[in-house]
Amino acid sequence: MAFNVAALANYVAENRTDLLARAVVLGSTVGLVQKIPNVKGPTTVNKIGTNIYFQDGSSCGNTVSGDVVFTQRTLTPGKLRLVQEFCPKDLERTYLSLSLTPGSTYTTLPYEEVIMDMIIKEMQAELERMIWRSNDSTGTGNYQFFDGFIENIGDGSNYIDANVAGAFPTPLTAFTQSTMIEAIQRLDYYTPEAISEKPDTKIFMGTDKFKLLNANLLNGGTTFGQLAQKDMASATLRMSWPGTNMEIIGVPGRTGQNKIYSASLSNMFIGVDVEDEESALKVWYSDDDDKIRLRSTFTIGTQVAYQEEIAAIII
């Protein structure tokens, strides 16, 4: 990584020296689901379950029935590192030279606050995509270091397929403006009652699918629910679905994918080494080559506890 100033002319005279960071989308899902701190390596998500069998109590007897069952799923995180370096001398012949300190040795990063804020936001936006899309077997680029929620939910096909013929006659073949309402109705119908009644049960979709749903409702004259409540704190689009206990959330990490899920937040886990560690960046000046270096190292991974409690439409 270095300063790329190829698009800038040699400095003559310019009035503006302030830089505007690119607008980026902040990560959304991380702030919603369960966090497991201090994850150094594979970590178990422990599960407990039981069955209740009532018996005829009109006579004497003591027949034992039912067990408490302990099981586990393993969260295997990825260890990630971000390394960049900058040579302030690259800025000397551009208007950005106005930000350089006097002298020929530059030990501080020009526009450090702007650059650091931009890098942190870019990291958050990329991590939002990674925690959904990553696959440590088939992923490439940034999506190869751990399994994201899509892989963990679909692993073994133990989730509830809500796109089947039955209560609704014909499975969906595409997510379009005209099919989005049925998609939500399917997830509502096939989500187990015990899960749909939980206050933290959400329907996750990409922001593109959320906008299709919103357009369908508005174009049809529907005004029920909180159709487009913008949560500025986490950059999510939220909608309450009438007649249910579920909330629909559009998250940028799901955008561009034909997959919609219904799951409770208490069933989704993100393991990290140190909470909010992705925001901790180390920046220092190196005497070896007169460059300023940036480094961030952290661990992150995802898992779901109960696949069988998640309903999905995957096209």
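## Q307, a loop residue

Q307 is buried, with a relative accessible area of 4%. This value, like the others here, comes from a predicted model. Q307 sits in the loop between strand 13 (291–304) and strand 14. Its side chain has a partner. A polar atom of the Q307 side chain lies 2.9 Å from the backbone oxygen of N152.

## The chain as a whole

The chain has five helices and 14 strands. Its length is 315 residues, and 42% of them are buried. The accessible surface comes to about 16,700 Å². Carbon and sulfur atoms account for 50% of that surface.

How do contacts run along the sequence? Take the contacts between residues at least 6 apart in sequence. Of these, 73% join residues at least 24 apart.

## T302 in strand 13

T302 lies in strand 13. Is T302 buried or exposed? Its relative accessibility is 2%, and the cut-off for buried is under 20%, so T302 counts as buried.

The T302 side chain makes polar contacts with backbone atoms. It reaches the backbone oxygen of D147 at 2.7 Å. It also reaches the backbone nitrogen of F149 at 3.4 Å. Both D147 and F149 are on the list of residues that T302 touches, leaving aside neighbours within four places in sequence. That list also includes L75, I131, F146, G148 and N152. F269 and I270 are on it too. F269 is 33 residues from T302 in sequence, yet their C-alpha atoms are 5.6 Å apart in space.

## I150 in helix 2

I150 belongs to helix 2 (residues 149–154). I150 is buried, with a relative accessible area of 15%. Which residues does I150 touch, not counting those up to four places away in sequence? They are W132, R133, R254, Q257, K259 and Y261.

I131 gives another distance to check. I150 and I131 are 19 residues apart along the chain. Their C-alpha atoms are separated by 8.5 Å.

## Helix 1

Helix 1 covers residues 112–133. It has 22 residues and reaches 31 Å from its first C-alpha to its last. That is close to the 32 Å expected at 1.5 Å a residue. Several of its residues are buried, among them I115, M116, I119 and M123. I131 and W132 are also buried. I131 is one of the residues in contact with T302, while W132 is touched by I150.

D117 and K121 meet side chain to side chain, at 3.3 Å from N to O. They are four residues apart, about one turn of the helix. D117 is partly exposed at 34% relative accessibility, and K121 is partly exposed at 30%. R129 and E126 form another salt bridge, with their closest N and O atoms 2.5 Å apart. These two residues are three apart, again about one turn of the helix. R129 is partly exposed, with a relative accessible area of 26%. E126 is buried at 17%.

## Helix 3 and its buried side

Which residues of helix 3 (residues 180–190) are buried? They are M180, A183, I184, R186, L187 and Y190. They cover an arc of only 155° around the axis, so they lie on the same side of helix 3.

These buried residues pack against strand 5 (160–161), strand 6 (201–206) and helix 5 (207–219). They also pack against strand 9 (247–251), strand 10 (259–264) and strand 14 (311–314).

R186 is buried, with a relative accessible area of 0%. It forms a salt bridge with E182, the closest N and O atoms being 2.9 Å apart. Both residues lie in helix 3, four residues apart, about one turn of the helix. E182 is partly exposed, with a relative accessible area of 25%.

## Salt bridges across the structure

How many salt bridges does a search of the whole structure find? It finds 10. Some join into a group. E85, D289, K291 and R293 are linked in a network of salt bridges.

Technical notes. Residues are numbered from 1 along each chain as its sequence is written. This is a predicted model: local features need pLDDT of at least 70, side-chain atom pairs count only at pLDDT 80 or more; totals for chains, interfaces and linings use all residues. Side-chain values use heavy atoms; hydrogens and water are left out. Buried means under 20% relative accessible area, exposed over 50%, partly exposed in between (1.4 Å probe, protein chains only). The arc is that of the directions from the helix axis to the C-beta atoms. Contact means heavy atoms within 4.5 Å. Accessible areas come from the Shrake-Rupley method with a 1.4 Å probe; for residues, only the protein chains shown count as cover. A salt bridge is a side-chain nitrogen of Lys or Arg within 4 Å of a carboxyl oxygen of Asp or Glu. The expected span of a helix is 1.5 Å times one less than its number of residues. A polar contact is a pair of N or O atoms within 3.5 Å; within protein, one must be able to donate a hydrogen and the other to accept it, and residues adjacent in sequence count only if both atoms are side-chain atoms.
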